[in-house]
Amino acid sequence: MNGLSTTLIVVGLFLVGGIISFAKQQMPKSLITLLSIGAAMCLVAGILRLEVWN
C-alpha cells in the first residue's frame, strides 16, 4: 500500500462519514448525492491503486 492509495481511501471514508452526517441533518438530497459520487470515486481509485493487483 503506497501513500496515495492510503490517502484516497482515507478521504473516501471521511466523505462517507459526511454523507451519514448530512443524511441525519436532512440536508438537500443533491448535496448528499454529490458527496456520494465523490466518496465512491475516492474509494474506487484508492482500491484500484493498491499494489496487490500486480
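Student: What makes up the contacts in the protein with a separation of 6 or more?

Tutor: Residues 24 or more positions apart account for 67% of them, where contact means heavy atoms within 4.5 Å. Keep in mind that this is a predicted model, where local features need pLDDT of at least 70 and side-chain atom pairs count only at pLDDT 80 or more, while totals for chains, interfaces and linings use all residues. Residues are numbered from 1 along each chain as its sequence is written, and side-chain values use heavy atoms, with hydrogens and water left out.

Student: What secondary structure does the protein have?

Tutor: It comes to 2 helices and 0 strands. Both kinds are DSSP runs numbered from the N terminus: helices are H or I with at least four residues, strands are E with at least two.

Student: What span is expected for helix α2, and what does it reach?

Tutor: The rule is 1.5 Å times one less than the number of residues. Helix α2 (residues 29-48) has 20 residues, and its 28 Å from first C-alpha to last is close to the 28 Å expected.

Student: Why are Ile32, Leu35, Ala39, Cys42 and Gly46 called buried?

Tutor: Buried means under 20% relative accessible area, exposed means over 50%, and partly exposed is in between, with a 1.4 Å probe and protein chains only. Those five are the buried residues of α2, so each of them is under 20%. Seen down the axis of α2, they fall within an arc of 95 degrees, so they line one face. That arc uses the directions from the helix axis to the C-beta atoms. What covers them includes α1 (3-24).

Student: Which residues are exposed on the other side of α2?

Tutor: Lys29, Ser30, Leu34, Met41 and Leu48.

Student: What makes a set of residues a nonpolar core?

Tutor: Its members are buried Ala, Val, Leu, Ile, Met, Phe, Trp, Tyr and Cys residues joined through side-chain atoms within 4.5 Å. The largest one here has 6 residues: Leu15, Ile19, Ile32, Leu35, Ala39 and Cys42. Both α1 and α2 give two or more residues to this core, and the largest share, 4 residues, comes from α2.

Student: Which residues does alanine 39 contact, leaving aside its neighbours within four places in sequence?

Tutor: Gly12, Leu15, Val16 and Ile19.

Student: How do you know that glutamine 26 is exposed?

Tutor: Its relative accessible area is 71%, which is over 50%, so glutamine 26 counts as exposed. Glutamine 26 lies in the loop between α1 and α2.
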